[in-house]
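Here is a briefing for a first look at the model. Please keep the sequence and structure open while reading.

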Amino acid sequence: MSNAIQNEDYLFKKVYDYVLHRIERKEWKEHKKLPSVRQLASEMNIHRLTVLKAYQLLKQHDKVYVKDKVGYFVQSNVTKNLEYLDNPIVSAYVQKNHLSEIHQSPVSFHFSQALIDPNLLPNQYFSDYVKKVFDLYPKVLATYSTVQGDLELREALTQYFINQYKTHLNTDDLLITSGSQQAIHLIAQTFIKSGDTVLFERPSYSAAIDIFRAQGAQIVTVDIHPDGYDLERVELYLKQYKPRLFYLNPTFHNPTGYTVSVSQRKKLVELSEQYRCLLIEDDAYHDIYFDHAPPPPIYTYDAAGTVIYIRSFCKYISPGLRIATVICQSSLMKSLITIKSLTDNGSPLLNQKIFLHYFSSLRLQQHLEKIRIALEIRKEIMEEELKVTDWKWTSPKGGLNLWVQLPDKIPTELLLTKSIEQSISFVPGQVCDPLKQLSSWIRLSFSYVNEKQLSEGVKRFVALAQSLTN
């Protein structure tokens, strides 16, 4: 890349960040007119086209709006159709598209939490493994892990992936991260600069949407259906937009629960190689299946090194350990390790050692078998309670969520407000939509509350939703 192009990218990002910073700090209030393109270019001593490019991207990201022949103005945070949403939790999801405010709500029936009921996790056994770790590694708290991750853990995981998928792999191909969300963040920081185009499934994992948006990416969406993607449309977008990467969650997809077929997985690898587009495969629920194991990950069909695979284990072992691994080719790995070193200089060694010894035990397999049965029962309870409605969903074969379409007559935003008041939480579809639409869809997680609470909570939720149509 030439110095001129690098300088142009730097100046463009500088303008974008300058304007966004003043909007977020409320220095420039809602509906305030921004400096004209000519004025800001003069003030910052840069070309007008650079300012115009930054303003246009801010408009695409809904930070500003334009009035013809007048100029650019700061976008309002209040959606005109949602005046009645005075609940700060609800307004937060509309304005920021973040889940954190909903998760923090002190409710009794957590249908927004895509986490497993802590009572289903092997808590009573972890104390034994912690003691074992301190016996084996008495200096474990006196040293750091390597940036790439504990070698002993990477060796165990490498052997696991080789045994599972018969792939060629070595320890240098793995990076240990503090959960899958950190992995996504590292990938965005490493491979995306402001203005780059990325492909996203629609709907998608809300945190990933936020992470790539914060990096300045322009998101182009591809709908995911029960049978996968429209691959002709995917190829069209690869030709048209030349995206830097395609973030996808093809196994027990969050939030829909859909799983992409083997034939589509193979074709996606072919397309990614042909059009030089990285595939970021996020695989958080691979082991949480009900009837039979899902297809092998997309990365197992990759011979050209175009797939970056993220595998998380923490949801069904111990969320507090925050262990995930990234698998990719060496040229990509070097860049990720550099960014990881600047982020935290390596994930906590104690967590990695605790995870290692539990992951390598027979008890883990016994735990997984039990947890699959327990989660399938909870899914069936939720579906049974929803049968009294005319709502629509596709029953997932794994994962933690139901993706449910409500009738148009039920106002989803008002339903969230009333649900929080009744101590019930759920995730509105807009949170999972890069386009902030899908207003008739909601995500209900069946994994976090016990069976009795699940039945009672869904009954209450259905009654509340139906009362809003009267």
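A residue counts as buried under 20% relative accessible area, as exposed over 50%, and as partly exposed in between (1.4 Å probe, protein chains only). This is a predicted model, in which local features need pLDDT of at least 70 and side-chain atom pairs count only at pLDDT 80 or more, while totals for chains, interfaces and linings use all residues. Residues are numbered from 1 along each chain as its sequence is written, and side-chain values use heavy atoms, with hydrogens and water left out.

**Confidence**

- pLDDT is the predictor's confidence in each residue, from 0 to 100.
- The chain averages a pLDDT of 88, and 93% of the residues score at least 70.
- Residues 1-6 stay under 50 in pLDDT, and the model gives them two contacts beyond four places in sequence. A contact means heavy atoms within 4.5 Å.
- Residues 91-97 also stay under 50, here with 24 contacts beyond four places in sequence.
- Where pLDDT is low, the predicted coordinates should not be read in detail.

**The seven-stranded sheet**

- Helices (H or I, at least four residues) and strands (E, at least two) are DSSP runs, numbered from the N terminus. Two strands pair if DSSP finds at least two bridges between them.
- Seven strands form an open sheet with mixed pairing, in the order β4-β10-β9-β8-β7-β5-β6.
- β4 and β6 (218-223) stand at the edges with a single partner strand each, so one side of each has no neighbour in the sheet.
- Neighbouring strands of this sheet are turned by 20° against each other on average, direction ignored. Axes are lines fitted to C-alpha atoms, for helices over the stretch in contact, and angles run from 0 to 180 degrees between N-to-C directions.
- Helix α9 (residues 206-214) packs on the sheet and touches β5 (197-202), β6 and β7. The direction of α9 makes about 165° with that of β5.

- β4 (residues 174-177) pairs with β10 (residues 324-327) in the antiparallel sense, over four bridges.
- Leucine 175 stands opposite valine 326 in β10, and isoleucine 176 stands opposite threonine 325.
- Leu174 and Ile176 point one way from β4, Leu175 and Thr177 the other way, and all are buried.

**Nonpolar cores**

- A nonpolar core is a set of buried Ala, Val, Leu, Ile, Met, Phe, Trp, Tyr and Cys residues joined through side-chain atoms within 4.5 Å.
- The largest core has 96 residues, and Phe161 and Tyr229 have the most contacts inside it.
- Helix α14 (residues 349-359) supplies the largest share of this core, seven residues.
- Another core lies apart from it, with 30 residues, including Ile184, Leu186, Tyr205 and Tyr247.

**Two buried residues**

- Asparagine 254 sits in the loop between β7 (245-248) and α11 (262-274). Asparagine 254 is buried, at 6% relative accessible area.
- Beyond four places in sequence, asparagine 254 touches Ser204, Tyr205, Asn249, Tyr285, Asn401 and Arg443.
- Leucine 238 lies in helix α10 (residues 231-241) and is buried, at 5% relative accessible area.
- Leaving aside neighbours within four places in sequence, the contacts of leucine 238 include Leu199, Pro243 and Cys277. Leucine 238 and cysteine 277 are 39 residues apart along the chain, with their C-alpha atoms separated by 7.7 Å.

**Helix α16**

- Seven of the 10 residues of α16 (residues 412-421) are buried, so the helix is largely enclosed by the rest of the structure.
- Among them are Thr412, Glu413, Leu415 and Ile420.
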